[in-house]
Structure formats: C-alpha cells, structure tokens
Amino acid sequence: MVKATEKIWHNGRMIDWDDAKIHVLAHVTSYGSSVFEGVRCYSTEAGPRIFRVHEHARRLHDSAKIYRMTIPFSIDELAAGMVDVVRVNKLESCYIRPLVIRGYGDVGVLPTKDNPIETYIACWEWGRYLGVEAVEEGVDVCISSWTRLAPNTLPVMSKAGANYMNSQLIRMEAAINGYSEGIALDAAGYVSEGSGENVFVVRDGKIHTPPLGSSVLPGITRDTVIQLAQSMSIPVIETLIPREMLYIADEVFFSGTAAEVTPIRSIDRITIGIGRRGPITEKIQSEFFGIVEGRKPDTHGWLTPVTQPVAAH
C-alpha cells in the first residue's frame, strides 16, 4: 500500500492527498491516456536530494509530445513542482510520481479540447523495489512469454500508462511462476527489457545493452549507468542481444528508478556467473549509490537540493 503524504501538487498548486481524484469517465480510465515519471529523492547528510530532476521532467514532456498532449508547465516548472512537493511533505527520501492525464469531458477515443490535460505530482516513502537483499544477492528472473511492444504499434519511447498493460502481463506471469521479474524479448526475438527496467549484460569485461530500436524505454538510470561505466573506462556497447547471451553472461543486471542497480543471479533457473552480484555490477553500484547518497562528489550535477529553489536548466 502507498503510504499517504499530506499534499499533492495539482496544476501548479498544492491540494490535500485525499482530494486528488478524477471522474470514473475521465478519458484516461477508458483509454490509458496518461504519461508519467518515476523519480527518486535520496537522503544525504546535506539534506534530501532529487536525482536527475530536469531529465525526468524533460522525458515527461517528450512522452506527452509523442501522444499529442500539451503539458501547460515548462520543464523548469515541473522540476520546481517536484522540489516543492517533497519539501511540503517534509520527506528526507521518497519516490516522486509526476503524472499527466487526459481528464473528464469527451468519452470518445478521439481526445478533444473538452478533455483537459491534468498534471499531478505526488510523493511517498518507498524502499527498494526488488527487495533490500537484492542489491547484493541478486534476483531470479525469467524470459517472459509476452513480447515487448513492436515498432509502430505503441511508441515505447513514451513512458505512457497504456504501455504498462504489457508490463503488467510480464510482471504477473513472472510472479505467478515464482520469479522476481521477467525479461521480455522484442518483436524480432532479441532481448528488450524488464517490465520496468533496462537490462545490462557483462561479458569479458564489456557491458552490452539493447539499443533503443529493441523497444526499450530510454531510461534515465540506463543513461546514468552508461556514463558511470564510461567514466571508469568500462566499455559499453549498445547492440542487439540474443536470448542465449543472457545465459552465458558473466553478469547481468537491471537498472531503473525503482530498481536502481540490481544484479540478476539466475535467468530461467540458469545461474548467471557466480550466482550473485559480480565485480562490474558492484563497481557500478558503488559509484551510483555513492553519488546519490552524497558520499561521493556529484561531478555530473545530477542532484537537486530540496531546500533551495530550482535554477533554470
């Protein structure tokens, strides 16, 4: 259950948590017409810091543009809203959910000017998505029988609510069969991503990850991992990955706002590498958590203080 906080940001002002409601016939409930983000705020000795807030706000705008939704707030205004909602709710660490929906008005498939664009930003306390022990021990996953969205069907570069019906099928199937998560293949049969995570494969000291053309979301944490690896002189190759490469990899790990950097210890009951977190995954984790938790310098400028106004970006 979500642990309710006091306030939610709605169209530029704070409202009570329990007042954040929509009509049952809002366009979004019938047709999944929403775009959203997942953003982390981390507790540091210097106070709460939001991770890559402007990049998340920009991707929200990108997602909306693809679906012809005009967000009436700029990237800077959305970033400021995220800072404000964390500050108002007095949270040291939390998960932030910006959400843009087509609201109540016309009930046809074609959205019209009568369907208002509603923008919300909520936040709440949320721990490790795949479990605390998963960061070191890894998780057991399967290859899903559900294929990731094919090109020119639903646009996977948009983080849209409708797309996550596919993700739900992947995750539910995995859970029913006793796995923590599933990995989906793309329409051509190559590795795509998890239900809500990007995938990285380590082989002979190099990191491989599927390209955007393999129906993957352009993850903010994915980009973070690539930048961190490059800064440590670990080669990163964006390439098509056949399913069987997962089984013979030295290491495989997930990345995502919710999953952060989580190692995979087995796929389809086949042990990956040493069966727990490998050395390259550990290096990436160490650098990532060191930065977001304020123990290492933020040389990339990824952290935004909650106690100060957001500068234009």
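Q: How much of this protein is buried?
A: Buried residues make up 50% of the 313, where buried means under 20% relative accessible area, exposed over 50% and partly exposed in between, with a 1.4 Å probe and protein chains only. This is a predicted model, where local features need pLDDT of at least 70, side-chain atom pairs count only at pLDDT 80 or more, and totals for chains, interfaces and linings use all residues. Residues are numbered from 1 along each chain as its sequence is written, and side-chain values use heavy atoms, leaving out hydrogens and water.

Q: OK, and why does a radius of gyration of 19 Å agree with a compact globule?
A: Because a compact globule of 313 residues would come out near 20 Å. The radius is taken over C-alpha atoms, and the globule rule is 2.2 Å times the number of residues to the power 0.38.

Q: What does the C-alpha trace span along its principal axes?
A: About 55 × 45 × 35 Å.

Q: Switching topic: where does Asp186 sit?
A: In the loop between strand S9 (181-185) and strand S10 (191-194). Strands are DSSP runs of E, at least two residues, numbered from the N terminus.

Q: Is Asp186 buried or exposed?
A: Buried, yet without a salt bridge, meaning a side-chain nitrogen of Lys or Arg within 4 Å of a carboxyl oxygen of Asp or Glu. The nearest side chain of opposite charge, Arg148, is 9.9 Å away; Lys and Arg count as positive, Asp and Glu as negative, with His and the chain ends not counted.

Q: So what does Asp186 touch?
A: Leaving aside residues up to four places away in sequence, Thr147, Arg148, Ser192, Ser214 and Ser215. Contact means heavy atoms within 4.5 Å.

How values were computed: Helices (H or I, at least four residues) and strands (E, at least two) are DSSP runs, numbered from the N terminus.
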